[in-house]
Amino acid sequence: MSQTKPYRASHLDALEAESIFVMREVMAEFERPVLLFSGGKDSIVMLRLAEKAFAPARIPFPVMHVDTGHNFPEVLDYRDQRVAGLGLNLVVASVQEAIDSGHVRELPDGTRNRIQTPVLLAAVEKYRFDALFGGARRDEEKARAKERMFSFRDEFGQWDPKNQRPELWALYNGRHHPGESIRVFPLSNWTELDVWHYIAKERIPLPSIYYAHDREVVERDGMFYAVNEFIRLRDGETSEVRRVRYRTVGDASQTAAVLSEADTVEKVIDEVAATRITERGATRGDDKVSEAAMEDRKREGYF
């Protein structure tokens with residue numbers, strides 16, 4: 001008599017199952033969820049998880065991009081193609097439109113990450129979203145590690161790190177009053193390396209800038225910024241063409257590349273496995289303002 005081999009789930013299978021469970025819980029508890037989708041790798045993985053969570057039906061909620069107007073063209077092209085291919089409703093919360101209407105004021109340095117927050121909160125109020133899926137992971141940055149899967153936000157969209165609800169035995173509390181909302185982070189227990197392993201396993205296409213390519217860059221404060229319409233050379237600076245890739249994508253005026261020869265997903269996995277600095281620490285200029293930069297923005301209502 002043959003013995004049945006014991007079933008064993010891989011580490012990625014367990015992470016996937018947890019994230020899918022969280023997404024289904026949100027659909028069971030909330031009326032108007034939305035998935036924040038920028039065309040970055042974490043939101044791309046979230047979209048794939050949503051596909052699997054609700055298949056064979058379509059994804060039952062819209063996706064929203066808080067658009068700073070400072071985008072990498074490759075990422076915007078990918079966003080539009082992916083949304084069209086899945087037949088999703090894309091909500092674009094435009095920072096540029098908010099500036100033009102006087103809702104927000106552009107900062108003297110021209111960067112726009114900080115002024116995303118009021119634009120996001122205005123969109124949440126306009127469309128009455130009560131749950132927002134975000135791609136944040138706990139290994140990204142210190143402030144991220146303080147949040148639960150379900151992160152409560154008050155009627156002003158603000159987060160209090162001391163007001164966290166317990167999540168014992170994976171019980172998620174979605175209780176909220178009108179005007180309040182919950183930020184939901186299905187990738188909380190994933191690492192950057194897990195994300196890349198999942199991309200490889202699922203054969204998920206990504207914007208080309210995630211892989212090594214030649215680009216004109218300028219070095220500032222030890223980081224390599226693409227020379228484009230948002231980043232101009234300053235007096236005394238010179239640019240050069242270097243082989244780089246992006247570990248994360250965001251505001252093109254504040255997101256730097258890293259030197260790399262990793263032009264395939266397998267090479268990226270090897271590279272990420274060997275690194276000892278998070279992608280935000282390595283490539284996001286706005287996080288170098290202070291140790292509490294991210295936490296300050298999250299208290300104001302940031303992702």
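Let's start with a group of rings: Phe-21, Phe-30, Phe-150 and Tyr-172 form one aromatic cluster. Keep in mind that this is a predicted model.

**Aromatic rings**

How many aromatic pairs are there? The count comes to 10 aromatic pairs. In one of them, Phe-21 and Tyr-172, the ring centres are 6.2 Å apart and the planes stand at 50°, so the pair is tilted. Another aromatic pair, Tyr-127 with Phe-129, is stacked, at 5.5 Å centre to centre and 20° between the planes.

| Residue | Relative accessibility | Class |
|---|---|---|
| Phe-21 | 38% | partly exposed |
| Tyr-172 | 12% | buried |
| Tyr-127 | 28% | partly exposed |
| Phe-129 | 6% | buried |

**Helix H5**

Tyr-127 brings us to helix H5, which has 12 residues (residues 116-127). At 1.5 Å a residue, H5 should span 16 Å, and its end C-alpha atoms are 17 Å apart, which agrees. Which residues of H5 are buried? They are Gln-116, Thr-117, Val-119, Leu-120, Ala-123 and Val-124. These residues cover an arc of only 165° around the axis, which puts them on the same side of H5. The face of H5 turned away from the buried side carries Glu-125 and Lys-126, which are exposed. Just after H5 comes Arg-128, with a positive phi of about 55°.

**The sheet**

Now for the strands. Six of them make an open sheet with mixed pairing, in the order S3-S2-S1-S4-S6-S5. Which strands stand at the edges? They are S3 (90-94) and S5 (150-153); each has a single partner strand, so one side of each is left without a neighbour in the sheet. On average, neighbouring strands are turned by 30° against each other, direction ignored.

Within the sheet, S1 (residues 33-36) and S2 (residues 63-67) pair in the parallel sense over two bridges. Leu-36 has Met-64 in S2 as its bridge partner. Helix H3 (residues 73-86) packs on the sheet and touches S2 and S3. The direction of H3 makes about 150° with that of S3.

Methods
Residues numbered from 1 in each chain as written. Predicted model: local features only at pLDDT ≥ 70, side-chain atom pairs only at ≥ 80, totals over all residues. Heavy atoms only, no water. Helix = DSSP H or I, 4+ residues; strand = E, 2+ residues; numbered from the N terminus. Expected span 1.5 Å × (residues − 1). Buried < 20%, exposed > 50% of the residue type's maximum accessible area, 1.4 Å probe, protein only. Arc of directions from axis to C-beta. Pairing = 2+ DSSP bridges. Axes fitted to C-alpha atoms, helices over the stretch in contact; angles between N-to-C directions. Contact = heavy atoms within 4.5 Å. Phe/Tyr/Trp six-rings, centres within 6.5 Å; stacked < 30°, edge-to-face > 60°.
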